[in-house]
Amino acid sequence: MSGSELEGSHQDSPAPTAGSKPPTIADVARAAEVSPSTVSRALNREHRFYRSPSAARIRDIATEIGYAPNPVAANLRRRQTNTLGVLVPRLTDTVMAMLYEEIASASLKRGYHTLVATTHDDPDRERENGDVLLQRRVDGLVLTTARTDGGFSQDLVDKGIPHVLALRTYGDSSAAVGDDRLGGYLATRHLIDLGHRRIALIAGPSYASSALGRRAGYEEALREAGLPVDETLIIPSSFSMESGEDAGQHLLGLASRPTAVFAVNDNTAIGFLAAVQRAGLRVPEDLSIVGYNDIPLASRLAVPLTTVRVPFDAIAATAVDQLIDLIAGVPASTRTFAPTLIPRRTTVRAT
């Protein structure tokens with residue numbers, strides 16, 4: 001709808017008096033000199049027209065004449081609930097709890113509520129709980145659970161169900177993610193610049209694109225510095241503290257242990273710190289370590305953790321915007337956000 005269609009005066013459309021019939025969309029259309037369908041688009045937060053100056057003027061006119069939309073009736077007509085479903089591996093994971101809170105906050109700002117379900121990174125549970133959310137008539141899904149083997153996210157692609165991925169990517173699904181390769185590179189380069197040459201990696205799970213990206217950045221930094229990629233120093237793990245502690249016990253038991261470690265998330269870094277303490281060693285005097293994500297605990301440890309900060313707020317807000325666009329039929333493309341190295345006291349120059 002062109003701007004010229006909004007030029008008409010609406011001075012002759014008084015606000016309703018007590019006892020009069022409430023204004024309708026047709027009344028707003030007459031006052032704004034546009035069609036009722038244009039008014040509907042201007043009032044529909046999911047439509048791309050909603051964000052235009054012309055739509056804002058229509059809403060101003062609607063307010064001036066006293067029009068009050070009925071959101072329940074409108075949603076029933078559109079078969080929408082203004083609710084988004086969110087799948088996370090677990091809410092006991094600080095990263096996922098932080099991200100979900102940001103998604104819920106960003107959704108509320110756009111007029112949506114959220115329902116969350118956990119999967120424990122189990123493909124069967126992901127599919128089961130995702131289907132439950134869809135049965136609750138959510139308008140679309142945000143998945144932080146995407147796996148490199150596809151699974152439920154591929155089902156959504158095949159069925160044409162609006163969804164976006166956050167933190168992890170897979171296939172052609174739109175996503176909002178951090179630049180994990182860059183983050184892995186920054187963490188490892190930091191250790192190399194401090195003079196470390198024997199640098200281990202607590203690598204995370206192979207089904208998560210985030211872990212694979214961070215490993216790729218680790219390997220890139222080593223090769224750039226002319227250092228070998230030693231597979232004996234790369235330890236698979238989950239994203240848990242327990243797996244970090246297990247990896248630490250293994251690395252500290254090597255005949256030639258590393259002088260530095262990059263853990264692909266803060267939980268595994270904290271688990272590694274527990275293994276170091278149990279072995280009677282000290283960080284950073286005996287080993288340096290870098291984590292990833294910058295959870296609130298990282299800066300509050302007895303020895304504050306050097307880590308890589310991920311902009312969860314921007315990732316969450318973008319994922320919500322992408323999903324609302326997809327619900328409205330507007331294509332969305334993957335957005336990648338740069339992480340930032342946060343040096344603290346768990347890393348020092350090699351001796």
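This is a predicted model: local features need pLDDT of at least 70, side-chain atom pairs count only at pLDDT 80 or more; totals for chains, interfaces and linings use all residues.
Me: Start with H12. How many residues, and what span from first C-alpha to last?
Reply: Helix H12 covers residues 312–327, which is 16 residues. From first C-alpha to last, H12 reaches 22 Å, close to the 22 Å expected at 1.5 Å a residue.

Me: Which residues of H12 are buried?
Reply: The buried residues are Phe312, Ile315, Ala316, Thr318, Ala319, Val320, Gln322, Leu323, Ile324, Asp325 and Ile327.

Me: And what covers them?
Reply: The cover includes helix H5 (94–109) and strands E1 (83–88), E3 (140–143), E4 (163–166), E5 (175–178) and E11 (335–337).

Me: What happens just after H12?
Reply: Gly329 takes a positive phi there, about 85°.

Me: Now the largest nonpolar core. How many residues, and which touch the most other members?
Reply: That core has 68 residues. Leu99, Val142, Leu251, Phe262, Phe272, Ile289 and Ile315 touch the most other members. H12 gives the largest share of this core, eight residues.

Me: What does Leu251 touch?
Reply: Leaving out residues up to four places away in sequence, Leu251 touches Ala200, Ile202, Leu233, Ile235, Arg257, Pro258, Val261 and Phe272.

Me: What about the second core?
Reply: A separate core has 15 residues, among them Ala29, Ala31, Val39 and Ile65.

Me: Why would such side chains sit together?
Reply: In soluble globular proteins, nonpolar side chains tend to be buried together.

Me: Switching to H1 and H3. At what angle do they pack?
Reply: Helix H1 (residues 25–32) and helix H3 (residues 53–64) pack at about 115°. Their axes are 9 Å apart. The crossing is right-handed.

Me: Which residues make the contact?
Reply: H1 supplies Val28, Ala31 and Ala32. H3 supplies Ile58, Ile61 and Ala62. The contact residues divide into six nonpolar, no polar and no charged.

Me: Arg147 next. Where is it found?
Reply: Arg147 is in the loop between E3 and helix H7 (152–159).

Me: Why does Arg147 count as buried?
Reply: Because its relative accessible area is 11%, and the cut-off for buried is under 20%. Not counting residues up to four places away in sequence, Arg147 touches Asp121, Pro123, Glu126, Tyr170 and Tyr207.

Me: And Met98, where does that one sit?
Reply: Met98 is in helix H5. Met98 is partly exposed, at a relative accessible area of 23%. With residues up to four places away in sequence left out, Met98 touches Ile295, Pro296 and Phe312.

Me: How are Met98 and Ala175 separated?
Reply: Their C-alpha atoms are separated by 18 Å, and the two residues are 77 residues apart along the chain.

Me: Backbone now. Is the peptide bond from Val283 to Pro284 cis or trans?
Reply: The bond is cis, with omega near 10°. Pro284 lies in the loop between helix H11 (266–278) and strand E9 (288–290).

Me: What phi does Glu33 have?
Reply: Positive, about 60°, although Glu33 is not a glycine. Glu33 is in the loop between H1 and helix H2 (36–43). Glu33 counts as partly exposed, at 48% relative accessibility.

Me: Then Asn293. What phi there?
Reply: Asn293 has a positive phi of about 115°, and Asn293 is not a glycine either. Asn293 is found in the loop between E9 and strand E10 (307–309).

Me: Buried or exposed?
Reply: Asn293 is buried, with a relative accessible area of 5%.

Technical notes: Residues are numbered from 1 along each chain as its sequence is written. Side-chain values use heavy atoms; hydrogens and water are left out. Helices (H or I, at least four residues) and strands (E, at least two) are DSSP runs, numbered from the N terminus. The expected span of a helix is 1.5 Å times one less than its number of residues. Buried means under 20% relative accessible area, exposed over 50%, partly exposed in between (1.4 Å probe, protein chains only). Contact means heavy atoms within 4.5 Å. A nonpolar core is a set of buried Ala, Val, Leu, Ile, Met, Phe, Trp, Tyr and Cys residues joined through side-chain atoms within 4.5 Å. Axes are lines fitted to C-alpha atoms, for helices over the stretch in contact, and angles run from 0 to 180 degrees between N-to-C directions. A crossing is left-handed if the near helix is turned anticlockwise from the far one by less than a right angle, and right-handed if clockwise. Ala, Val, Leu, Ile, Met, Phe, Trp, Tyr, Cys and Pro count as nonpolar, Asp, Glu, Lys and Arg as charged, and the others, Gly among them, as polar.
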